Every structure is written in C-alpha cells, then in structure tokens.
Amino acid sequence: MLRNPLSRHPAVEDDALVFGQPYETSDGATVIIVARTGSLLRGTYPVGVFVVHDGQVVWTPAVDATRIALIGLLTAVIATLAVLRRPPWPDLKGYRPQRR
C-alpha cells in the first residue's frame, strides 16, 4: 500500500482517534484526552476527554467555539448578500404615479 509522503506518522491513519497518556489528578480521577487526526492541513484536533473517577467513566466532548462562530458569521454574510441582491421590499425602479 502506498502512503502519502507528507503523512506525519505511518502508523496513524488519517481521521483516526488518538488517545493521550492518562493523567491522574489530585482527587484520584484519571483524565484521558482523545483527539482525531486529520489531513495535513487540518492536523490534530481535540474530540473530548474521558474522566474515570470512583469506577465511573464520564465522556466530555470538546466544543470548538471557533467553528460555531464561523458558521454563525457565514450564515449572517450569506443572509446579508441575499437581502442586498434582492431586497424583501418592492422594487420601485421606474415607478411613476398615475395622474387622474
């Protein structure tokens, strides 16, 4: 199988989950970071963390606020361009009131 010569590590496939080293906190909880590898341009980005405490496992997803803000901004720009191209009010070009 041929591999991309620009791949970061031959053992890690694109779009694979990567688990970080377990970290134990002072209260006895163990935290394991989970990331996803992407293409060369996207790199690695966080997915969330597993927290193990007193025999219970809790999954906490990572929230990418930048992506959420970008989607909101793009939606606003597209809506603004749509209104500027064809405003919701009537077209009054060439309107002449009729004389009686």
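Is aspartate 54 buried or exposed? At 66% relative accessibility, aspartate 54 counts as exposed; the cut-offs are under 20% relative accessible area for buried, over 50% for exposed and partly exposed in between, with a 1.4 Å probe and protein chains only.

Before I go on, a word on the model. This is a predicted model, in which local features need pLDDT of at least 70 and side-chain atom pairs count only at pLDDT 80 or more, while totals for chains, interfaces and linings use all residues. Residues are numbered from 1 along each chain as its sequence is written, and side-chain values use heavy atoms, with hydrogens and water left out.

Back to aspartate 54. It sits in the loop between E4 and E5. Strands here are DSSP runs of at least two residues (E), helices are runs of at least four (H or I), and both are numbered from the N terminus. The hairpin of E4 and E5 has two residues between the strands. Phi of aspartate 54 is near 55 degrees, a positive value in a residue other than glycine. Most residues other than glycine have a negative phi.

Now the strands themselves. E4 and E5 run antiparallel and pair over six bridges; pairing requires that DSSP finds at least two bridges between two strands. One of the bridges joins glycine 48 to proline 61 in E5. Strand E5 covers residues 56–61, and zero of its six residues are buried, so it lies largely in the open.

Next, the aromatics. The structure holds one aromatic pair. It is formed by phenylalanine 50 and tryptophan 59, 4.7 Å centre to centre with 55 degrees between the planes, which makes it tilted. Rings of Phe, Tyr and Trp (its six-membered ring) pair if their centres lie within 6.5 Å; planes under 30 degrees apart are stacked, over 60 edge-to-face, and the rest tilted. Phenylalanine 50 is partly exposed at 28%, and tryptophan 59 is partly exposed at 36%.

Last, threonine 80. This residue is in helix H1, residues 65–85, and is partly exposed at 43% relative accessibility. A polar atom of the threonine 80 side chain lies 2.8 Å from the backbone oxygen of alanine 76. For a polar contact, two N or O atoms must be within 3.5 Å; within protein, one must be able to donate a hydrogen and the other to accept it, and residues adjacent in sequence count only if both atoms are side-chain atoms.
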